[in-house]
Amino acid sequence: MVSWFSKSIVAMTIRMPRWFVGWVSRRYVAGSTIQDAVKIMHRLSKEGACFTVDVLGEEITTLDEAQYFLDEYVAVLSAITENGLDANLSIKPTAFGLLIDEKKGMENIETLVRMANEHDMFVRLDMEDHRVTTPTIQAVVDLHAMGLTNVGTVLQGRLFRTLEDIMQLEQSLGPAADYRICKGIYLEPEEISFSAYQDIVDSTNACIDQMLASGAYCAIASHDIPVIEYAKSALTARGMGPDKADPRSNAGEKRDAKGPGYEFQMLLGVRGPMRRKLAKEGHRTRVYIPYGEKWYEYSIRRLQENPTIGTQVAKAFLMPWTNRP
Ligand code: FDA
């Protein structure tokens, strides 16, 4: 249940002038240009972090808009290599046209993944709402079938289907499957997803177990202590951890720029102390760096999609010690 407090914060924020929304989101968005993102990555590299870069914006209405994202991601790829940054790409399949024209959208994604592959760079297909769960997973399977194994997707613990998806992917990709597991930002219909906090945590943790058991690479994307602690104990139980080669006999080959079978991921501006602590313990930690001209639309949509963010934003400002960048 979303509290009245959180709903009020969201309702208030989306009515505020653009500069105010910009001020609130400054902490979570790197800026409007790739140069802004590069500056932040240089700074956070000193904290032992690596990165995944997201060009803000998602569902589009024309295929011309998809071209903007393709061009911008090509610029990101160049900026990462030119600056010698330890970073990869996160893309929203709908921004490449997947919901307008599945064939053309897939061609756009393939173009980028192929280019990234030439630079040994990984591309993560972010997971959007339930309308694109199946096409996004299928895109990854099809790209692997083309020999493009530098791609993986995100699965959402809140969806009932996720354990089944992991089993299916284990069959089609084996240990080459490379996941990011998160709770899921989209509030989905109750027929297909959990809505209570503990159910979502339990389901996310069960997914982590199943991903690890399958031999896949597992990026744990959460700021929530019960999920992080669970993941750490699941890793320990398998003999996995910092500075240890991945001991799983069913694991895939160690991939470039990846941790020993797993890594932790967090969003820019959220729970920096916890990320730094994980890095200090030797875990590979990756920060999700969103930037782009569409920061305003992104911030408003995120607030509307999931009003629980209202409490987190308010907490970050009123009690900054709970969430230092
Ligand atoms: P929870 O929401 O319980 O947060 C735990 C604590 O972390 C909060 O109490 C608060 O202190 C802090 N916190 C979390 N989010 C915050 C915020 N935005 N601002 C301030 N404080 C915050 N989802 C999706 O559907 N598809 C995707 O592809 C991705 N990709 C992705 C990548 C990465 C790197 C991360 C970290 C997350 C995602 N997500 C996502 C979002 C994810 O599904 C989820 O909505 C958020 O991470 C919040 O869930 P937590 O597990 O952090 O727990």
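View 1. At 3% relative accessibility, G241 counts as buried; here buried means under 20% relative accessible area, exposed means over 50%, and partly exposed is anything in between, with a 1.4 Å probe and protein chains only. This is a predicted model, so local features need pLDDT of at least 70 and side-chain atom pairs count only at pLDDT 80 or more, while totals for chains, interfaces and linings use all residues. Residues are numbered from 1 along each chain as its sequence is written, and side-chain values use heavy atoms, with hydrogens and water left out. G241 sits in the loop between helix 9 and strand 7; helices (H or I, at least four residues) and strands (E, at least two) are DSSP runs, numbered from the N terminus. Leaving out residues up to four places away in sequence, G241 touches P260 and Y262, where contact means heavy atoms within 4.5 Å.

View 2. Zoom in on the ligand and look for R180, S222 and H223. A polar side-chain atom of R180 lies 3.1 Å from a ligand nitrogen. S222 puts a polar side-chain atom 2.7 Å from an oxygen of the ligand. For H223, an N or O atom in the side chain is 2.7 Å from a ligand oxygen. The protein covers 89% of the 920 Å² of accessible area that the ligand has on its own (areas from the Shrake-Rupley method with a 1.4 Å probe; for residues, only the protein chains shown count as cover). A polar contact here is a pair of N or O atoms within 3.5 Å; within protein, one must be able to donate a hydrogen and the other to accept it, and residues adjacent in sequence count only if both atoms are side-chain atoms.

**View 3. The shell around the ligand.** Of the 24 residues around the ligand, M127, K183, G184, S222 and H223 come nearest; a residue is near a molecule or strand if one of its heavy atoms lies within 4 Å of it. Sorted by class, the shell has 11 nonpolar, seven polar and six charged residues. The classes go like this: Ala, Val, Leu, Ile, Met, Phe, Trp, Tyr, Cys and Pro are nonpolar, Asp, Glu, Lys and Arg are charged, and the others, Gly among them, are polar. Which element gives the most to the shell? That's strand 7, with three residues.

**View 4. D224 and its neighbours.** D224 is in the loop between strand 6 (217–221) and helix 9 (225–237). Its relative accessible area is 16%, so D224 counts as buried. Not counting residues up to four places away in sequence, D224 touches K183, Y197, V201 and R271.

View 5. One of the partners of D224, R271, has a positive phi of about 45 degrees although it isn't a glycine. You'll find R271 in the loop between strand 7 and helix 10, and it is partly exposed at 22% relative accessible area. D120 isn't a glycine either, and its phi is positive at about 50 degrees. D120 is in the loop between helix 5 and strand 3 (123–125). Is D120 buried or exposed? At 58% relative accessibility, D120 counts as exposed.

**View 6. The E47 and R275 salt bridge.** E47 pairs with R275, their closest N and O atoms being 3.0 Å apart. E47 lies in the loop between helix 3 (34–45) and strand 1 (49–55) and R275 in helix 10 (residues 272–280), so this pair ties together parts 228 residues apart in sequence. E47 is partly exposed at 27%, whereas R275 is buried at 5%. A salt bridge means a side-chain nitrogen of Lys or Arg within 4 Å of a carboxyl oxygen of Asp or Glu, and by this rule the count comes to 19.

**View 7. Two further salt bridges.** D54 forms one with K92, the closest N and O atoms being 3.5 Å apart. D54 lies in strand 1 and K92 in the loop between strand 2 (87–91) and helix 5 (102–118), so the pair ties together parts that are 38 residues apart in sequence. Both D54 and K92 are buried. In the other, E107 and K104 have their closest N and O atoms 3.7 Å apart. E107 and K104 both lie in helix 5, three residues apart, about one turn of the helix. Back to D54: salt bridges that share partners join D54, K92, D126 and R180 into one network.
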